[in-house]
Amino acid sequence: LPTKQKYYPDNTIKSSPMHAKVTISGGKPEPAQFHNLCGLLRLKIKEKEVNDYIEVSQIKISSDQPIAGQFDIVDYAAVMKSEDVYNYITLDCTNEGNNVPLTTDGVDFYIALPAGTYSNVVFEVTNKNESVCTKKLKIGNTITIERSKITPASFTVKGEDFISCN
């Protein structure tokens with residue numbers, strides 16, 4: 001699984017790995033049966049105030065479990081290996097040189113993640129000025145990603161939440 005994924009404004013997902021199984025019947029291959037190896041996190045981020053004008057350039061998601069890197073396929077699911085793995089994924093939200101403007105209704109960001117229950121999840125949202133807003137799950141809370149399903153999560157940000165990196 002790549003550590004860097006790309007945001008597409010039409011909500012298409014172009015980096016979710018799949019697995020195909022081909023069955024041979026009577027000496028001829030049957031049509032391939034494709035299976036998603038991961039689930040999707042639909043992260044809805046809302047702008048608190050209309051006047052905040054927040055434009056997102058990047059979202060980084062991290063957890064205390066591996067969520068990117070080398071994996072094996074077990075029962076049509078991506079199972080992270082114990083080496084060459086990472087506990088973060090970055091979503092590049094630039095599109096043709098533009099950042100993604102947030103709205104008070106929210107914008108959906110889709111991220112492919114391996115199935116599992118994740119704790120200590122941290123979301124780092126970077127704006128066009130390279131300032132960062134960090135949101136963490138409350139202690140004891142988890143996010144469960146199921147293979148071939150979409151898991152919703154959301155939070156609201158305001159301009160003053162962003163801390164300058166400089």
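1. Strand β12 gives the most to the lining of the second largest cavity, with 3 residues. The volume of this cavity is about 40 Å³, and its lining consists of K6, Y7, Y8, N11, T12, I13, D108, F109 and Y110. By class that is 5 nonpolar, 2 polar and 2 charged residues. A cavity is a set of points on a 1 Å grid over the protein atoms alone where a 1.4 Å probe fits but cannot get out, and lining residues have an atom within 4 Å of a point. Strands (E, at least two residues) and helices (H or I, at least four) are DSSP runs numbered from the N terminus.

2. The model is predicted: local features need pLDDT of at least 70, side-chain atom pairs count only at pLDDT 80 or more, and totals for chains, interfaces and linings use all residues. Residues are numbered from 1 along each chain as its sequence is written, and side-chain values use heavy atoms, with hydrogens and water left out.

3. The protein has 0 helices and 17 strands. Of its 166 residues, 36% are buried, meaning under 20% relative accessible area with a 1.4 Å probe, protein chains only.

4. Strand β12 (residues 107-113) is largely enclosed by the rest of the structure, because 7 of its 7 residues are buried. V107, F109, I111 and L113 point one way, while D108, Y110 and A112 point the other way. Strand β6 (residues 39-47) runs antiparallel to β12 and is joined to it by 7 bridges; pairing requires at least two bridges found by DSSP. In this pair I45 stands opposite V107.

5. The largest cavity holds about 50 Å³ of space, the volume being the space filled by probe spheres set on the points, which are joined across faces, edges and corners. Its lining includes L41, I61, L113, Y118 and I143. At least two lining residues come from each of β7 (55-62) and β16 (142-145). The lining has 8 nonpolar, 2 polar and no charged residues.

6. The largest pocket has about 170 Å³ of space. A pocket is an open set of points with protein on both sides within 12 Å along at least five of seven lines. Among its lining residues are L43, F123, K135, K136, K138 and F155. Two or more residues come from each of β15 (132-136) and β17 (150-157), and β17 gives the most, with 3. The lining has 6 nonpolar, 1 polar and 3 charged residues.

Key. Ala, Val, Leu, Ile, Met, Phe, Trp, Tyr, Cys and Pro count as nonpolar, Asp, Glu, Lys and Arg as charged, and the others, Gly among them, as polar. Buried means under 20% relative accessible area, exposed over 50%, partly exposed in between (1.4 Å probe, protein chains only).
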